[in-house]
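Good morning, and thank you for coming. Please look at the structure on the screen while I discuss a helix pair and then the aromatic pairs.

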Amino acid sequence: MNRIWNTFKTLTTIDSLSLQERTFCDTLTKELQNLGVETFEDSAGKQLGGNTGNLYGFYPGALKKPPLLLSAHMDTVTPGIGKQAVVDEKGVITSAGKTILGADDVSGIVVILETLKRLKESGQMHRPIELLFTVAEEVYCLGSAIADYNKITAKESYTLDLSGCIGDAANAAPTVLNFIITVKGKAAHAGFAPHKGIHAIKIATDAIAQIELGEPTPGLTVNIGTIHGGLAGNIVPEQCSVTGEIRSLNHQAVLEQWELIQTIFDTTAKKRNGHLDIQGDIKVTAYETPKNSAVVERFVRACQKIDITANIKSTLGASDQNNFALHGIAGIVVSCSMHQVHSTDEFARLDELEQGVALLTEIILDCP
């Protein structure tokens, strides 16, 4: 367990914000090569305006079985500069300062590294393993969206990037659609000639009032996140921009809700002679891996082997698995000891990291 802690502490100390993963990737590459892993870095960094590509790895196995893909991401959210991890007498790992800890996703990477180290040391026969450590996952999974899938032959994957207890896994995740709607009206003096203006903010708020926010139907969420418009209190606002998102496990439901929102804005704008600029962008696409699939059943057997409860569920958070599914790779997202992520209260546990290694080892060794 000391080795797990030392690896965790070393990796969390490295600043690795999205699109700035260079030092982290270099450190991870050395770790993998020392284990005998063949590595390759793609050009995702150049394509995304970052300084690092996705990192691929291949760890050969003696068993003539199809490879499994193991994945985690190298980037963190903010505040993530100057991170330092500390551990208490109960084995709880937290940030020493006012930053995130970075367990999301250092926990997943540590579990993968320690599992490979133990497999090498034990000399146990196992299947080949493919690895993908992505950049910019925290920015709607940008790195995995442009990964080179010609370098991956695995058809089943385990992405170590889920909050919760060891044994939790997500087999379904949502489509997420972001939108920005810009209402264009006409400026006028608000005191002398308000009737000559077309009030863009009024059009926007009237439209928003007709949209049911929150969870209009079970499993579908709709949010308006920002409203920006106007220049001064004495000017009828000529422009107002509204941003928001829609997400659901049902891809078609997202598309239908987006059509409804566009119709509402269009109808409302026309009533007041306003115009619209509408942009919608599907950031990730929903997937569902059946519970009777080989990848899920292998996970359940591995949980039974180490005497923990398998909890297969859906999540409304996206991950790189959303993009893997688009390329024919069936998989689940596995908990690996990260709690209260994306906050300065984030923590991990040494005993859970140890459990995660035991679980991943059983997954890899499961060759019926």
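Helix H2 passes helix H4 in a left-handed crossing, meaning that the near helix is turned anticlockwise from the far one by less than a right angle. This is a predicted model, in which local features need pLDDT of at least 70, side-chain atom pairs count only at pLDDT 80 or more, and totals for chains, interfaces and linings use all residues. Residues are numbered from 1 along each chain as its sequence is written, and side-chain values use heavy atoms, with hydrogens and water left out.

The axes of H2 (residues 22-34) and H4 (residues 103-122) come within 10 Å and cross at roughly 15 degrees. H2 is therefore roughly parallel to H4, a term for angles under 35 degrees. Where they meet, with heavy atoms within 4.5 Å, H2 contributes Phe24, Leu28, Glu31, Leu32 and Asn34, and H4 contributes Val106, Ile109, Leu113, Leu116, Lys117 and Lys120. By class, this contact has seven nonpolar, one polar and three charged residues.

I turn to the aromatic rings. Three aromatic pairs are found in the whole structure, a pair being rings of Phe, Tyr or Trp (its six-membered ring) with centres within 6.5 Å. Phe40 lies in strand S1 (residues 38-41) and Tyr56 in strand S2 (residues 55-59), so the pair ties together parts 16 residues apart in sequence.

Conventions. Axes fitted to C-alpha atoms, helices over the stretch in contact; angles between N-to-C directions. Helix = DSSP H or I, 4+ residues; strand = E, 2+ residues; numbered from the N terminus. Parallel < 35°, antiparallel > 145°, perpendicular 65-115°, else oblique. Nonpolar A, V, L, I, M, F, W, Y, C, P; charged D, E, K, R; others polar. Phe/Tyr/Trp six-rings, centres within 6.5 Å; stacked < 30°, edge-to-face > 60°.
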